Amino acid sequence: MIVAFTTLSGIAASEWLISGYELDIASFITLNVLTFLIFLVIAGYCFFISSSFNDEK
């Protein structure tokens with residue numbers, strides 16, 4: 001949901017605030033999706049490491 005809000009806000013802001021420049025919307029959406037996927041990978045690594053080194057048994 002955060003990624004969708006950020007993407008829509010970025011597209012709206014580029015249309016509203018920046019004149020004389022056209023945003024490549026497909027590349028912008030791809031960038032946001034890939035950033036979200038990298039976030040998920042890092043979160044997965046953190047969860048895996050946290051679960052692996054759990055001393056409370």
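Author: **Where the helices meet**

On the H1 side, Val3, Thr6, Thr7, Gly10 and Ile11 meet Ile25, Phe28, Ile29, Asn32 and Phe36 of H2. Contact here means heavy atoms within 4.5 Å. The model is a predicted one, in which local features need pLDDT of at least 70 and side-chain atom pairs count only at pLDDT 80 or more, while totals for chains, interfaces and linings use all residues. Residues are numbered from 1 along each chain as its sequence is written, and side-chain values use heavy atoms, with hydrogens and water left out.

The chain has two helices and zero strands; both terms refer to DSSP runs, numbered from the N terminus, with at least four residues of H or I for a helix and at least two of E for a strand. The chain is more spread out than a compact globule, because its radius of gyration is 18 Å, well over the 10 Å that the globule rule gives for 57 residues. That radius is taken over C-alpha atoms, and the rule is 2.2 Å times the number of residues to the power 0.38. The C-alpha trace spans about 60 × 15 × 15 Å along its principal axes.

Two packed helices are described by the angle between their axes and the distance between the axes. For H1 (residues 2-17) and H2, the axes come within 10 Å and cross at roughly 155°. H1 is therefore roughly antiparallel to H2; angles over 145 degrees count as roughly antiparallel, under 35 as roughly parallel, 65 to 115 as roughly perpendicular and the rest as oblique. The axes are lines fitted to C-alpha atoms, for helices over the stretch in contact, and angles run from 0 to 180 degrees between N-to-C directions.

Start with isoleucine 11, which is in helix H1. Isoleucine 11 counts as buried because its relative accessibility is 17%; buried means under 20% relative accessible area, exposed over 50%, and partly exposed in between, with a 1.4 Å probe and protein chains only. Apart from neighbours within four places in sequence, isoleucine 11 is in contact with Leu23, Ile25, Phe28 and Ile29. One of these, isoleucine 25, is 14 residues from isoleucine 11 along the chain, and their C-alpha atoms are separated by 7.2 Å.

With a relative accessible area of 14%, asparagine 32 is buried. Not counting residues up to four places away in sequence, asparagine 32 touches Val3, Thr6 and Thr7.

Valine 3, in helix H1, is partly exposed at 27% relative accessibility. Beyond its neighbours within four places in sequence, valine 3 is in contact with Asn32 and Phe36. From valine 3 to alanine 43, the C-alpha atoms are 15 Å apart in space, and the two residues are 40 apart in sequence.

Valine 33 also belongs to helix H2 and is partly exposed, with a relative accessible area of 41%. Its C-alpha lies 12 Å from that of phenylalanine 5, which is 28 residues away in sequence.
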